[in-house]
Amino acid sequence: FDSPPKFQMPVYSFEVSEDAVNGTTVGTVLATDGDLDSIIVYEITSGNGDSMFRITSSNGVLSTVGDLDREASAVYQLIVRATDTSGATDSATITITITDVNDCFPVFGKDTYVAEFAEGRDGEVLVITAEDLDEGKSGTDGIIFALSCSADVAQHFDIGEKSGKIFVRSTAVFDYEVTKSVSCIVTASDFGFPQKSSAVIT
């Protein structure tokens, strides 16, 4: 008799980290065939245009080939076909989710930020922005800002660690004739591991 191959599941779901090295096993799909001595061959027929994955034709083991990047492509959907000795086939859908690692640095909206304010003024004078393409606390949502100035200037400024807003303190005393400009460095750090940080001059 002639029994076609049949996948154990029509849909498979796997996860693999974006920093997985080439050859990392993602998962295994399996089809069975009731015919005696029938050999099943597996192949990817769709969804692998950028050749990030391969399947071992003899046993259905999926593994990585290319360098994965979740920020470029977070989910892959492959179609795998099983073909038996008689030429009969069955197909299954495989969804592969790429999990995030903290591989992106915060990126500021500008290379340099400049603010002008009158002597004697306090309150908000500048807003620093930054983005991070990683997920969750490793990404934009987890960015913390810190302000670094020289000792004689640092006492006059604050920064909102989440908002990036720079404030002149109400106790600040500036004299334009003495100090025409000040320069500080803002650091943006994410909450990922390992932590990534970037700095910009203000």
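This is a predicted model: local features need pLDDT of at least 70, side-chain atom pairs count only at pLDDT 80 or more; totals for chains, interfaces and linings use all residues.
Two strands are counted as paired if DSSP finds at least two bridges between them.

On the β5 side, β5 and β8 (residues 75-83) are antiparallel and share five bridges, with Ser46 standing opposite Ile79 in β8. On the β2 side, β2 runs parallel to β9 (residues 89-99) and is joined to it by seven bridges; here the bridge partner of Val16 is Ile98 in β9.

**The three-stranded sheet**

A further open sheet consists of three strands in the order β3-β7-β6, with antiparallel pairing. Because β3 (25-28) and β6 (53-55) each have a single partner strand, one side of each is left without a neighbour in the sheet. The twist in this sheet averages 20° from one strand to the next. Three bridges join β6 to β7 (residues 61-64), and Phe53 has Thr64 in β7 as its bridge partner.

**Salt bridges**

The structure holds six salt bridges, and the table gives some of them, including two that involve Arg70.

| Salt bridge | N to O distance |
|---|---|
| Glu71 and Arg70 | 3.2 Å |
| Arg70 and Glu135 | 3.6 Å |
| Glu124 and Lys165 | 4.0 Å |

Arg70 lies in the loop between β7 and β8, and Glu135 in the loop between β12 (130-131) and β13 (144-148), so this pair ties together parts that are 65 residues apart in sequence. Arg70 is buried, at 11% relative accessible area, whereas Glu71 is partly exposed at 22% and Glu135 is partly exposed at 44%.

Glu124 in β11 (residues 123-127) and Lys165 in β15 (residues 165-168) likewise link distant parts of the chain, 41 residues apart. Glu124 is partly exposed, with a relative accessible area of 36%, and Lys165 is partly exposed at 33%. Through salt bridges that share partners, Arg70, Glu71, Asp100 and Glu135 are joined into one network.

Technical notes
Residues are numbered from 1 along each chain as its sequence is written. Side-chain values use heavy atoms; hydrogens and water are left out. Helices (H or I, at least four residues) and strands (E, at least two) are DSSP runs, numbered from the N terminus. Axes are lines fitted to C-alpha atoms, for helices over the stretch in contact, and angles run from 0 to 180 degrees between N-to-C directions. A salt bridge is a side-chain nitrogen of Lys or Arg within 4 Å of a carboxyl oxygen of Asp or Glu. Buried means under 20% relative accessible area, exposed over 50%, partly exposed in between (1.4 Å probe, protein chains only).
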